[in-house]
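The sequence and coordinates come first, and the notes follow by topic.

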Amino acid sequence: MTEDTQTPFHDFAGAAGDYYAKTFLKIQKSTLGKAHINIAATIGSFIWASMRGNWLLFWIGFFIDLVALVYIGASYKFKTAAINVADEIVSLTAAGNSAAASNKTLLLERYENWTGSNFLTAIVIFIIGRLVFGWLADRIYYRQYNSWRVDRSKNSNLRVNRLVLSAVIVALIAPLMLYRSTQFAPDARTCIKQDRAVTEGKDVSFKNRFDCKVISDFPTLFWIDRPDKISYPRAEDGTRFVKREPQTGKKPINLHTYTSGVIENVVGYLTAFYGYFFDGVVGVLTVLLNAVTAIFVGTPWPIMMGGLLVLSYYLAGPRIAIFVGSSLVYLALFGFWQTAMETMSLVAAATCVCILFGLPLGVWVGKSDLGRAIVTPILDIMQTIPSFVYLLPAVAFFGIGVVPGILATVIFAMPPMVRLTSLGIQHVPESTKEAALAYGANPRQLLTKVELPLALPSIMAGVNQVVMMSLSMVVVAALIGAGGMGFLVTRALANSNTGKGVLAGIGIALLAMMIDRVVQKASKASQQ
């Protein structure tokens, strides 16, 4: 290797330039040994990385050492706790309380085991972490060299003044993390009592205040007076009115309790004064569900099975029809036919509602910037919230039963319908729309004869997703009385009947696969 070849490496690395010149050339030629480790980096860890100006390596090394340090702190915490428990055992034994001493002995053994396991874990993490860091060091440092070759303003050379920033970072993070690992954090109830004691002017030690403010849960910044207790009784003429009961003399509450109370009051007000609206929704959905149930459940099984086979053959071909037939035989042989048809009724009703509202909403979102700005954040929230949360508004406004289960399923399954319909409308070529308008198409004709047909593959994908998500929600909706296959799974879970739960789960999976295959094949056939 000539001196001119080494010059860039020396200019970049500064100290130990010969080592990095040889190492970087091996990396360029792909001859660097797989077990190659930078000894200086292994010893110096994040200190070496900060002096070299590689902050990615700094955070990797600092994280590894910090985790090891936290485990050492935990070992110290449990060791101290074990000493305290041992002293308590001695005191209880001397007092003749052998039962309490026996219980403390179990706790002592646990603390002693945790002391050893945490210390051993710290040693393992430190050694393995340092070796991994040393293995990564030259490989990541070489990437920094490549960036420096393009932009000479990038960090290079070994500079001691960079230790100032790393020292600030370590000072801000490490002491508090170490202290947290050596202390048992107080629980929320203890901190609430302590905050109220401080408010009442009682003496609380600085350590207890610090622990509650810093190493426990996020502190309560302020307290709010309890709002009036609100109820909605009926007057003598049968009408409801708002009754308020002041909560004077009671302790203040935090923001969480206050806000949850406000939400409950709003829900109570709506159900008390606008119950007729929710009853109307229940009535409409009940009619729809009864009509669908009459088809799936009311039809004798030979006719329904034959109809499903013919439909799957017509829409998806013989191979899918054979799979559908095999799935239906499984459901029938294991006694799931009736509940499977109930599940199909729930899914069909939910899918109808999703298409009825999701299709026009998706068209509006696809064609209107205002609609996109309004609906997109709502869809983001709907797809982010856990599925169990959807049960709360359904139960609050509509009670327990099949209809609330359908509504929770609709809320959970509608976003894909809206998004994919919108996506299909937006992807219709502008040239095609301009041609239709040039031939005299009005907005309604443009939508029905151009945009919707061209967006049909995306819309069908939305329908497929609606069906799949509706089936995934069936088990959750069974918790509020939706019934169907989901009820079998939840009952098996409650009774720890693993076999029955697995069989019911397989049945739900077969239902999903049946519908998915048929819808996909039908969608592809419509495109052709």
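The largest pocket holds about 540 Å³ of space. Of the 19 residues that line it, L311, M344, I515, V518 and V519 are the closest to the centre. The model is predicted: local features need pLDDT of at least 70, side-chain atom pairs count only at pLDDT 80 or more, and totals for chains, interfaces and linings use all residues. Residues are numbered from 1 along each chain as its sequence is written, and side-chain values use heavy atoms, with hydrogens and water left out.

**Largest pocket**

- A pocket is an open set of points on a 1 Å grid over the protein atoms alone, with protein on both sides within 12 Å along at least five of seven lines; lining residues have an atom within 4 Å of a point.
- Volume is the space filled by probe spheres set on the points, which are joined across faces, edges and corners.
- Helices α11, α13, α19 and α21 (498–527) each supply at least two residues of the pocket lining; helices are DSSP runs of H or I with at least four residues, numbered from the N terminus.
- The pocket lining divides into 17 nonpolar, 2 polar and no charged residues. In this scheme Ala, Val, Leu, Ile, Met, Phe, Trp, Tyr, Cys and Pro are nonpolar, Asp, Glu, Lys and Arg are charged, and the others, Gly among them, are polar.

**Cavity**

- The count is 1 cavity of 30 Å³ or more, a cavity being a set of grid points where a 1.4 Å probe fits but cannot get out.
- The largest cavity contains about 60 Å³ of space.
- Its lining consists of L346, V347, A350, V402, G405, I406, T409, V474, A477 and A482.
- Helices α13, α16 and α19 (456–477) each supply at least two residues of this lining, and α16 gives the most, with 4 residues.
- By class, the cavity lining has 8 nonpolar, 2 polar and no charged residues.

**Packing of α13 and α16**

- The axes of α13 (residues 337–367) and α16 (residues 402–426) come within 6 Å and cross at roughly 35°. Axes are lines fitted to C-alpha atoms over the stretch in contact, with angles from 0 to 180 degrees between N-to-C directions.
- The crossing of α13 and α16 is right-handed, that is, the near helix is turned clockwise from the far one by less than a right angle.
- The contact of α13 with α16 involves 19 nonpolar, 7 polar and 1 charged residues.

**Cysteines**

- One disulfide (cysteine sulfur atoms within 2.5 Å) is found in a search of the whole structure: 1 in total.
- C191 and C212 form this disulfide, with an S to S distance of 2.3 Å. C191 lies in helix α7 (residues 188–199) and C212 in helix α8 (residues 206–215), 21 residues apart.
- The disulfide is left-handed because the torsion about the S-S bond of C191 and C212 is about -90°.
- Both C191 and C212 are buried; buried means under 20% relative accessible area, exposed over 50%, and partly exposed in between, with a 1.4 Å probe and protein chains only.
- The sulfur of C352 is 9.4 Å from the closest cysteine sulfur, that of C354, which is too far for a bond.
- C352 is partly exposed at 41% relative accessibility, whereas C354 is buried at 0%.

**Y313**

- Y313 lies in helix α11 (residues 301–316) and is exposed, at 51% relative accessibility.
- Y313 and N208 are 105 residues apart in sequence and 72 Å apart in space, C-alpha to C-alpha.
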